[in-house]
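Subject: Structure handover

Hello,

Here is the structure I promised to pass on. Please open it, and then read my notes below.

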Amino acid sequence: MINHTVYLGLGTNLGDKEQNISKAVSMIADRVGEVKRCSSLLISSPWGFESANEFLNSVVCVSTNLMPEALLDVTQQIEIEIGRTQKTIDGEYHDRIIDIDILLYDDVEFRTSRLVIPHPLMSERAFVMNPLKEIMSEAEYARVAERLCKS
């Protein structure tokens, strides 16, 4: 069985934010694969919309045997079970109890109508890039940053 290395971005700005992230990480470990590394928690302002609620963000590195779209299905199911009711539609963002974004999947570029990897907006988001840098080696991070610049 082939294991793939994936990086997932986690964000929440409603409810008990630390508990939301903790629950998501636990469910990811149960359903996606072994959580290899987890960044510290980062407080950030809402990105792409107005809200009085600050975000708590983290990035996790997971070893999985799931293929990209199966990974998307599992992470979306986790979001629903934690209590997320509304997804981003036509670029319109909303407050959310949990958001799980697939940032990277090995060194694969993947594009379907449902999923784009690497995440197309990740390089614009300090709340993704800073935690990612925290849990990657300098060489890994430099390779990813270079790859994102070419995209």
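Leaving aside its neighbours within four places in sequence, which residues is serine 63 in contact with? Keep in mind that this is a predicted model. Serine 63 sits in strand S4. Its contacts, with those close neighbours set aside, are Asn3, His4, Val32, Gly33, Glu34 and Lys36. Serine 63 is buried, with a relative accessible area of 15%. The cut-off for buried is under 20%.

Valine 32 is on that contact list, so let's go there next.

**Valine 32 and the end of H1**

Valine 32 is in the loop between H1 and S2. It is buried, at 4% relative accessible area. Not counting residues up to four places away in sequence, valine 32 touches Met27, Val62, Ser63, Thr64, Asn65, Leu66, Leu71 and Val74. Take threonine 64 as one case. It is 32 residues from valine 32 in sequence, but their C-alpha atoms are 5.8 Å apart in space. Glycine 33 follows H1, and its phi is positive, near 160 degrees.

**Helix H1**

H1 covers residues 17–31. From first C-alpha to last, its 15 residues reach 21 Å, close to the 21 Å expected at 1.5 Å a residue. Which residues of H1 are buried? They are Asn20, Ile21, Ala24, Val25, Met27 and Ile28. These residues lie on the same side of H1, because they cover an arc of only 165 degrees around the axis. An α-helix has 3.6 residues a turn, so residues three or four places apart point the same way. The face of H1 turned away from the buried side carries the exposed residues Glu18 and Asp30. What covers the buried side? The cover includes strands S1 (4–12), S2 (33–38), S4 (55–64) and S5 (99–105), along with helix H2 (68–82).

**Helix H2**

H2 has 15 residues, which should span 21 Å at 1.5 Å a residue. Its end C-alpha atoms are 21 Å apart, so the two agree. The buried residues in H2 are Pro68, Leu71, Leu72, Thr75, Ile78, Glu79 and Ile82. They are on the same side of H2, since their arc around the axis is only 125 degrees. Among the elements that cover them are S1, H1, S5, strand S6 (110–111) and strand S7 (116–117). After H2 comes glycine 83, with a positive phi near 130 degrees.

**Helices H3 and H4**

Two packed helices are described by the angle between their axes and the distance between the axes. H3 (residues 126–135) and H4 (residues 138–150) pack at about 150 degrees, with axes 10 Å apart. That angle makes H3 roughly antiparallel to H4. Which residues meet? Met129, Leu132 and Lys133 come from H3, and Tyr141, Val144 and Leu148 from H4. In this contact, five residues are nonpolar, none is polar and one is charged.

H4 has 13 residues. It reaches 19 Å from first C-alpha to last, close to the 18 Å expected at 1.5 Å a residue. Its buried residues are Tyr141, Val144, Arg147 and Leu148. An arc of only 125 degrees around the axis puts them on the same side of H4. They pack against S5 and H3. The face turned away carries the exposed residues Glu138, Ala139, Cys149 and Lys150.

**Isoleucine 43**

Is isoleucine 43 buried or exposed? It is exposed, with a relative accessible area of 58%. The cut-off for exposed is over 50%. Isoleucine 43 is found in strand S3 (residues 42–44). Beyond its neighbours within four places in sequence, it is in contact with Glu54, Phe55 and Leu56. Serine 58 is 15 residues away in sequence, and 9.1 Å away from C-alpha to C-alpha.

**Two backbone details**

- The peptide bond from isoleucine 117 to proline 118 is cis, with omega near 0 degrees. Proline 118 is in the loop between S7 and H3.
- Aspartate 106 has a positive phi, near 45 degrees, and is not a glycine. It is in the loop between S5 and S6. Aspartate 106 is partly exposed, at 28% relative accessible area.

Best wishes

Technical notes:
Residues are numbered from 1 along each chain as its sequence is written. This is a predicted model: local features need pLDDT of at least 70, side-chain atom pairs count only at pLDDT 80 or more; totals for chains, interfaces and linings use all residues. Side-chain values use heavy atoms; hydrogens and water are left out. Axes are lines fitted to C-alpha atoms, for helices over the stretch in contact, and angles run from 0 to 180 degrees between N-to-C directions. Helices (H or I, at least four residues) and strands (E, at least two) are DSSP runs, numbered from the N terminus. Angles under 35 degrees count as roughly parallel, over 145 as roughly antiparallel, 65 to 115 as roughly perpendicular and the rest as oblique. Contact means heavy atoms within 4.5 Å. Ala, Val, Leu, Ile, Met, Phe, Trp, Tyr, Cys and Pro count as nonpolar, Asp, Glu, Lys and Arg as charged, and the others, Gly among them, as polar. The expected span of a helix is 1.5 Å times one less than its number of residues. Buried means under 20% relative accessible area, exposed over 50%, partly exposed in between (1.4 Å probe, protein chains only). The arc is that of the directions from the helix axis to the C-beta atoms.
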